[in-house]
Amino acid sequence: MKQQPLLPYRFKKIGWLLFIPFAFAGIYLHITDYEPNWITTKVFAIYNDSLLSDKKWFSIVETNITSTLIGIGFLMGCLLIAFSREKVEDEFIAGLRLSSLQWAVLVNYSLLLFCFLFIYGFAFLNVLIYNVFTVLLIFIGRFNYLLFKSRKMNADEK
């Protein structure tokens, strides 16, 4: 079986160190809508369509980048966790990876279909934003659950 390119195992630890604080920061940001003023800066935008300004292509805009920084940290953590090797990476683990990814995509798009049918207005915009993260979150959860279950079963057999 052809081995898939994965990051070294040490990146998984870095991923968890990024994921946990940025997950809490994202939850806090969602609950409170807190955006500190000192994180407002000018950034390059390929396209900007603000409520209070004209549509602009390739421009410099002033904006609060709190949610951008939290999103980047969260996604980087998820990607490092999801695509780093395990200590022992064999065909069984590769099979778990593949089945977890397929399961995550199926569950994610089933949830998205449900949301298309029953959520409307600006609430649906939130669904689309969270949908960016859910495939990775479901994959990480399912893969680690299957790893835990298989290791527990192997420990019980010994």
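This is a predicted model: local features need pLDDT of at least 70, side-chain atom pairs count only at pLDDT 80 or more; totals for chains, interfaces and linings use all residues.
This is a short talk on one protein model, from its overall build down to a few single residues.

First, the ground rules. Residues are numbered from 1 along each chain as its sequence is written, and side-chain values use heavy atoms, with hydrogens and water left out.

Now the overall build. The protein has 4 helices and 2 strands. Both kinds of element are DSSP runs numbered from the N terminus, with helices being H or I of at least four residues and strands being E of at least two. Read from the N terminus, the order is α-β-β-α-α-α.

On dimensions, the C-alpha trace spans about 65 × 40 × 35 Å along its principal axes.

How much of the protein is buried? Buried residues are 30% of the 158. Here buried means under 20% relative accessible area, exposed means over 50%, and partly exposed is in between, with a 1.4 Å probe and protein chains only. The exposed surface comes to about 11500 Å², and carbon and sulfur atoms supply 68% of it. Those areas come from the Shrake-Rupley method with a 1.4 Å probe; for residues, only the protein chains shown count as cover.

As for contacts, meaning heavy atoms within 4.5 Å, take those between residues at least 6 apart in sequence: 70% of them join residues at least 24 apart.

Next, the loop between helix 2 (66-82) and helix 3 (91-118), where Ser-84 lies. Ser-84 counts as buried because its relative accessible area is 0%. Its side chain reaches the backbone oxygen of Leu-80 at 2.4 Å and the backbone nitrogen of Lys-12 at 3.4 Å. Beyond neighbours within four places in sequence, Ser-84 is in contact with Leu-6, Leu-7, Pro-8, Phe-11, Lys-12 and Arg-97.

Glu-86 is in the loop between helix 2 and helix 3 too. Is Glu-86 buried or exposed? Glu-86 is buried, because its relative accessibility is 7%. Lys-12 comes up again here: its side chain and that of Glu-86 are joined by a polar contact of 2.9 Å. Leaving out neighbours within four places, Glu-86 is in contact with residues including Tyr-9, Arg-97, Phe-143 and Arg-151.

Moving into helix 3, we find Ala-94. Ala-94 is partly exposed, because its relative accessibility is 23%. Its C-alpha atom is separated by 8.2 Å from that of Gln-4, 90 residues apart along the chain.

Finally, two backbone angles to check on screen. Asp-33, in the loop between helix 1 (10-32) and strand 1 (40-48), is not a glycine but has a positive phi of about 60 degrees. Asp-33 counts as exposed because its relative accessibility is 62%. Phe-58, in strand 2 (residues 56-64), has a positive phi near 50 degrees. Phe-58 is exposed, at 57% relative accessibility.

Methods: A polar contact is a pair of N or O atoms within 3.5 Å; within protein, one must be able to donate a hydrogen and the other to accept it, and residues adjacent in sequence count only if both atoms are side-chain atoms.
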